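Biologist: Could you walk me through this one? I'd like to go feature by feature, and I'll ask as we go.

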There are 2 protein chains.
Amino acid sequence: MSTTSRAPHLSWGPIALVAVGGAFGAAGREGVSLAIPNLGDVPIAIPVVNIIGAFLLGYLYEAVTRLEATPAKNLKLLLGTGFCGGFTTYSSLATDTAVLFRDDHAWSAIGYALGTVIIGAIATWLGILIASAINNSRSKATS
Amino acid sequence: MSTTSRAPHLSWGPIALVAVGGAFGAAGREGVSLAIPNLGDVPIAIPVVNIIGAFLLGYLYEAVTRLEATPAKNLKLLLGTGFCGGFTTYSSLATDTAVLFRDDHAWSAIGYALGTVIIGAIATWLGILIASAINNSRSKATS
């Protein structure tokens, strides 16, 4: 098949990397969901994958963000945008929050949504700190 | 290849459906991200896909949730857990929030995180309401 007609601004390579990472991420999320049952009305598996994914993306953001070479960019697309993006999910967080509200569990809904956002931001922060500490100890070792 | 050695509790079929949906969802998210540039420090594409995905999952949740047949369950796995899960992402929301905080944009961070959660829950709710209205008008038409 000829590729000469492809417009230069279309980036099929990055999109394919994200798709492959997203497939593995989403499959991993479903695996965790099948392994961890709901706690009453609250689906525990979704906050667990979201917080693990937030930590991983924070780590990756800091570990890879200073590298500008093509392999590092591809790694960000495959593991960050693809895997972490597919592993974590915002739509389930929103739907579970809305359904808890509908079923008159307003406090559970608020605790679930705010708790995920706050703990997720802390997990991301931890990921950034750990990657930064590893980066610093490496640059000290090589200087 | 023989499948007789497969333990009955392993659910490779559902995981494969989720992986396929997740690949298309993540690819779609990357496509939207390439099309919509950041607004200053805030990545507009991520809240846009998250809110669209929340609406879609809310719609799907209500439209398909009452059906118990296998095709409906497969549709939920492919489009809900897979596509909507891969299209939306929680890890970017968490990382962008943490990075805005780190860069001393605390109010932007709080507005970004809370705004996404509140607008996403409303979008889910709209999706549920629209699917419910369509369901009701269909059951009136057939009764």
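Biologist: Let's start with V18(A). Which helix is V18(A) found in?

Modeller: Keep in mind that we're looking at a predicted model. Going by the residue ranges, the helix that holds V18(A) covers residues 12-35 of chain A. That's helix α1.

Biologist: And is V18(A) buried or exposed?

Modeller: A residue counts as buried when its relative accessible area is under 20%. V18(A) comes in at 0%, so it's buried.

Biologist: How far apart in space are V18(A) and K76(A), C-alpha to C-alpha?

Modeller: Along the sequence, 58 residues separate V18(A) and K76(A). In space, their C-alpha atoms are apart by 9.1 Å.

Biologist: Let's zoom out. What does the secondary structure of chain A come to?

Modeller: Reading from the N terminus, the elements of chain A go α-α-α-α-α. There are zero strands, and the helices come to five.

Biologist: What share of the contacts in chain A between residues at least 6 apart in sequence join residues at least 24 apart?

Modeller: For some background on chain A, 41% of its 143 residues count as buried. As for those contacts, the share joining residues at least 24 apart is 71%.

Biologist: What residue classes make up the contact of α2(A) with α5(A)?

Modeller: The crossing of α2(A) and α5(A) is a right-handed one. By class, its contact residues are 16 nonpolar, eight polar and one charged.

Biologist: What about chain B: is the crossing of α2(B) and α5(B) left-handed or right-handed?

Modeller: The axes of α2 (residues 45-65) and α5 (residues 106-142) of chain B come within 7 Å, crossing at roughly 30°. α2(B) and α5(B) are therefore roughly parallel. As for the hand of the α2(B) and α5(B) crossing, it's right-handed.

Biologist: How are the two copies related?

Modeller: Chain A superposes on chain B with a rotation of 180° and 0.0 Å of shift along the axis, at an RMSD of 0.0 Å. The two copies are thus related as by a two-fold rotation axis.

Biologist: Through which surface do the copies meet?

Modeller: Take the interface residues of chain A: 100% of them are also interface residues in chain B. So the copies meet through the same surface.

Biologist: Which residues does S91(B) touch, again skipping those up to four places away in sequence?

Modeller: S91(B) lies in helix α4 (residues 91-102) of chain B, and at 0% relative accessibility it counts as buried. Its partners are G53(A), A54(A), L57(A), C84(A), G85(A) and T88(A).

Biologist: Last one: what is the phi of D104(A) near?

Modeller: D104(A) lies in the loop between α4 and α5 of chain A, and it's exposed, with a relative accessible area of 70%. Most residues other than glycine have a negative phi. D104(A) has a positive one, near 65°.

Note on methods: Residues numbered from 1 in each chain as written. Chains lettered and ligands numbered in written order. Predicted model: local features only at pLDDT ≥ 70, side-chain atom pairs only at ≥ 80, totals over all residues. Heavy atoms only, no water. Axes fitted to C-alpha atoms, helices over the stretch in contact; angles between N-to-C directions. Helix = DSSP H or I, 4+ residues; strand = E, 2+ residues; numbered from the N terminus. Parallel < 35°, antiparallel > 145°, perpendicular 65-115°, else oblique. Left-handed = near helix turned anticlockwise from the far one by under 90°. Least-squares fit on C-alpha atoms with pLDDT ≥ 70 in both. Contact = heavy atoms within 4.5 Å. Buried < 20%, exposed > 50% of the residue type's maximum accessible area, 1.4 Å probe, protein only. Nonpolar A, V, L, I, M, F, W, Y, C, P; charged D, E, K, R; others polar.
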